[in-house]
Every structure is written in C-alpha cells, then in structure tokens.
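Subject: Structure handover and findings

Hello,

Here is the structure I promised to pass on. Please open it alongside this email and follow along.

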Amino acid sequence: MLTRRTLLAALPALAIAPAGLAAPVNDDGLHIQDWFLDSFLDLKQDIEEAAAKGKRVALSFEQRGCIYCTEMHEKHLSDPVISSYIRQHFEMIQLNLFGAREVTDLDGRALPEKEMGRRWGVSSSPTILFLPDKPLKGSAKDVAPARMRGLLPPPAFLAMFKFVAERAYEKMEFPAYLAQHHIGAAKAAATPSN
C-alpha cells in the first residue's frame, strides 16, 4: 500500500533519477562514454589499430564545465542512432583541452594534451578532429580531412561523421554535403571546417 510516508521516502530517489541519466564524469570533470577508446595517445598506432577494424579515429577536445560538451554527451552521444553510427565507424578518443597526458602526433612530436591542442589550433570545445584513414607524414592538423569546431545540431553532427566515413571530403565541402543530404542551413548553424 502506498502511504504518504513511503511516498515521502521515495521523493529523494525520484528527484535524483533524472540526473542518473547524465553522462558520467571522470576525475578531470569531463563527461565520458564507456565506448570511447582508452588509448596510449600515439596517433599513428591509434590510426593503424582503428584501420584494422575498418574504422577511423576522431579526437574530441573537451574541457571541464563546457556546457556544449555536456550537451554533446547527454543529447547527441546518448541518441542511439548517432552513437551506433559513430561506434560502428570510428574510434573516439577524448582529449582534455587543458590536460597533461602526453600525445604523440603523426610526425613523432610528443606534447601534453593542452600544448598539442594549441599546436593544432584548437581553441574551443568541443572540437572534433578527424584523422586520416592511414598514418600520413606531418602533423595531425595538416593531414586531418575534417574538423568540427563547436557543437552542431544533431542531424548535422551525425552528417559530419558520415561525411568523413564516406570520404565525401574528397569530392566536396561539408556545406555541399549537407545540401545534398537535405540538411538545412538552420540545422547546421555552425559550419565546421578544416
């Protein structure tokens, strides 16, 4: 029997239930996904291992307190259509825009995450850098086929991953890809670029 006492006892649990749906947060204050790749951050090796699985590598630069990073995790990456596509075609590696883990670039240069971010021109979060499908000579910044600066609306966010997975960047720019797939400019307000 439901009494006022049992209902009042249940209220605290009900009040925190929606928060339980939020993406977990790591020690750096970044939202995480259990399917993100836990990597040694040697990009050449990461690309080779991803390619052996028929996948590409996408580096997601994020930072503590970033409301758009939170939205990306709680809205975009929690959408089963989006997350399923990404998981099937990509290895996602999360980097901290202010982090200290050492990252080894494709040209062999090793720097802390925050310095590598500066080297690659990453100044905001989230920024997703899509790596080539095989290790190329040079810095990741110079050989990356695409970069997503900021958070796109979900349809355009997914379209960017498809744009890279389908290698459409070899034939057209991302805005043309959006138009070809009837994803309107309003849905892709922040157009990513390389």
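Below is what was found, from the overall layout down to single residues.

Please keep in mind that this is a predicted model.

Overall layout

The protein chain has eight helices and six strands. In sequence order they run α-α-β-α-α-β-β-β-α-β-α-β-α-α. The chain holds 194 residues, and 42% of them count as buried. Take the contacts between residues at least 6 apart in sequence: 64% of these join residues at least 24 apart.

The H4 and H7 pair

Start with helix H4 (residues 80-89) and helix H7 (residues 154-165). Their axes come within 10 Å and cross at roughly 15°. Angles under 35 degrees count as roughly parallel, so H4 and H7 are roughly parallel to each other. Their crossing is left-handed. On the H4 side, the contact is made by Val-81, Ile-82, Tyr-85, Ile-86 and His-89. H7 brings Pro-154, Phe-157, Leu-158, Phe-161, Lys-162 and Ala-165. By type, the residues of this contact are nine nonpolar, one polar and one charged.

The nonpolar cores

In soluble globular proteins, nonpolar side chains tend to be buried together. The largest nonpolar core here has 29 residues. Which of them touch the most other members? They are Ile-86, Ile-128, Phe-130, Phe-157, Met-160 and Phe-161. Several elements each supply at least two residues of this core: H4, strand E2 (90-96), strand E5 (127-130), strand E6 (146-149), H7 and helix H8 (174-180). H7 gives the largest share, eight residues.

Two residues to look at

Phe-161 comes up in both sections above: in the contact between H4 and H7, and among the core members that touch the most others. Set aside its neighbours within four places in sequence. Phe-161 is then in contact with Ala-58, Tyr-85, Ile-86, Phe-90, Met-92, Ile-128, Phe-130 and Met-148.

Ala-58 sits in strand E1 (residues 56-62). Is Ala-58 buried or exposed? Its relative accessibility is 0%, so Ala-58 counts as buried. Leaving out neighbours within four places in sequence, Ala-58 is in contact with Phe-90, Glu-91, Met-92, Ile-93, Ile-128, Leu-129, Phe-130 and Phe-161. Look at Glu-91 in that list: Ala-58 and Glu-91 are 33 residues apart in sequence, and their C-alpha atoms are 6.2 Å apart in space.

Backbone details

- Pro-126: the peptide bond from Ser-125 to Pro-126 is cis, with omega near -5°. Pro-126 is in the loop between helix H5 (113-119) and E5.
- Leu-41: phi is near 65°, a positive value in a residue other than glycine. Leu-41 belongs to the loop between helix H1 (4-16) and helix H2 (43-52). With 3% relative accessibility, Leu-41 counts as buried.
- His-182: phi is positive here too, at about 55°, although His-182 is not a glycine. His-182 falls in the segment after H8. Its relative accessibility is 72%, so His-182 counts as exposed.

Best wishes

Conventions. Residues are numbered from 1 along each chain as its sequence is written. This is a predicted model: local features need pLDDT of at least 70, side-chain atom pairs count only at pLDDT 80 or more; totals for chains, interfaces and linings use all residues. Side-chain values use heavy atoms; hydrogens and water are left out. Axes are lines fitted to C-alpha atoms, for helices over the stretch in contact, and angles run from 0 to 180 degrees between N-to-C directions. Helices (H or I, at least four residues) and strands (E, at least two) are DSSP runs, numbered from the N terminus. Angles under 35 degrees count as roughly parallel, over 145 as roughly antiparallel, 65 to 115 as roughly perpendicular and the rest as oblique. A crossing is left-handed if the near helix is turned anticlockwise from the far one by less than a right angle, and right-handed if clockwise. Contact means heavy atoms within 4.5 Å. Ala, Val, Leu, Ile, Met, Phe, Trp, Tyr, Cys and Pro count as nonpolar, Asp, Glu, Lys and Arg as charged, and the others, Gly among them, as polar. A nonpolar core is a set of buried Ala, Val, Leu, Ile, Met, Phe, Trp, Tyr and Cys residues joined through side-chain atoms within 4.5 Å. Buried means under 20% relative accessible area, exposed over 50%, partly exposed in between (1.4 Å probe, protein chains only).
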